[in-house]
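Reader: Before I use any of the labels attached to this model, I would like to hear the criterion behind each one. Please set the value against the cut-off every time.

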Amino acid sequence: MDVSITTSSTDAESELRSLFLWLREDSYLRRNARVDMGAVNPAEGRMGALFDSVELALNGGFQFANLALAWASWRATRPRPPELTFERDGVKVTLSGQDAETAARLLAVLDRP
């Protein structure tokens with residue numbers, strides 16, 4: 001199961017890179033998901049790709065409550081936390097200022113077939 005995380009923040013690449021590094025350090029996610037950066041091709045005349053998403057490849061039985069806890073912990077470190085959109089198979093959940101429990105309930109929608 002794959003989940004993509006994006007943001008429309010004005011500092012999207014920096015925020016996504018920070019989230020990517022945070023999620024890679026989370027012990028539960030390290031055991032139960034592959035965390036990668038999604039990139040778009042660079043604009044003409046520019047070098048290198050721009051990161052536009054964090055991509056999660058989740059193992060079977062993955063618990064979205066743990067993703068919500070990791071998100072809430074990361075969000076607490078941000079001076080102005082961005083709104084993030086989590087997407088799986090066309091289903092989108094947007095998190096902004098929710099607490100971890102509410103975020104877990106919202107993210108559980110992504111676990112439904």
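Reader: Why is Asn32 called buried?
Author: Buried means under 20% relative accessible area, exposed means over 50%, and partly exposed is in between (1.4 Å probe, protein chains only). Asn32 has 19% relative accessibility, so Asn32 counts as buried. The model is predicted, so local features need pLDDT of at least 70 and side-chain atom pairs count only at pLDDT 80 or more, while totals for chains, interfaces and linings use all residues. Residues are numbered from 1 along each chain as its sequence is written, and side-chain values use heavy atoms, with hydrogens and water left out.

Reader: Why does Gln98 count as buried?
Author: The relative accessibility of Gln98 is 18%, and therefore Gln98 counts as buried. Gln98 sits in the loop between S5 and helix H4 (100-107). The side chain of Gln98 reaches the backbone nitrogen of Ser96 at 2.7 Å. Leaving aside neighbours within four places in sequence, Gln98 is in contact with Trp71, Arg75, Ala103 and Leu106.

Reader: Why is Ala65 called partly exposed?
Author: Ala65 has 39% relative accessibility, so Ala65 counts as partly exposed. Ala65 belongs to helix H3. From Ala65 to Ala104 there are 39 residues in sequence and 4.6 Å in space, C-alpha to C-alpha.

Reader: How do you know that the length of H3 agrees with expectation?
Author: The expected span of a helix is 1.5 Å times one less than its number of residues. For the 13 residues of H3 that rule gives 18 Å, and the end C-alpha atoms are 18 Å apart, so the two agree. The buried residues of H3 include Trp71, Trp74 and Arg75.

Reader: Which residues touch the most other members of the largest nonpolar core?
Author: A nonpolar core is a set of buried Ala, Val, Leu, Ile, Met, Phe, Trp, Tyr and Cys residues joined through side-chain atoms within 4.5 Å. The largest one has 30 residues, and Ile5, Leu23, Val54, Leu56, Leu67, Phe86 and Leu107 touch the most other members. Helix H3 (residues 64-76) gives the most to this core, with 7 residues.

Reader: What makes S4 and S5 a pair?
Author: Two strands pair if DSSP finds at least two bridges between them. Strands S4 (residues 84-88) and S5 (residues 91-95) have 5 bridges, in the antiparallel sense. Arg88 has Val91 in S5 as its bridge partner. The two strands form a hairpin with 2 residues between them, and Asp89 in the turn has a positive phi of about 50°.

Conventions:
Helix = DSSP H or I, 4+ residues; strand = E, 2+ residues; numbered from the N terminus. Polar contact = N/O pair within 3.5 Å; in protein donor to acceptor, adjacent residues only side chain to side chain. Contact = heavy atoms within 4.5 Å.
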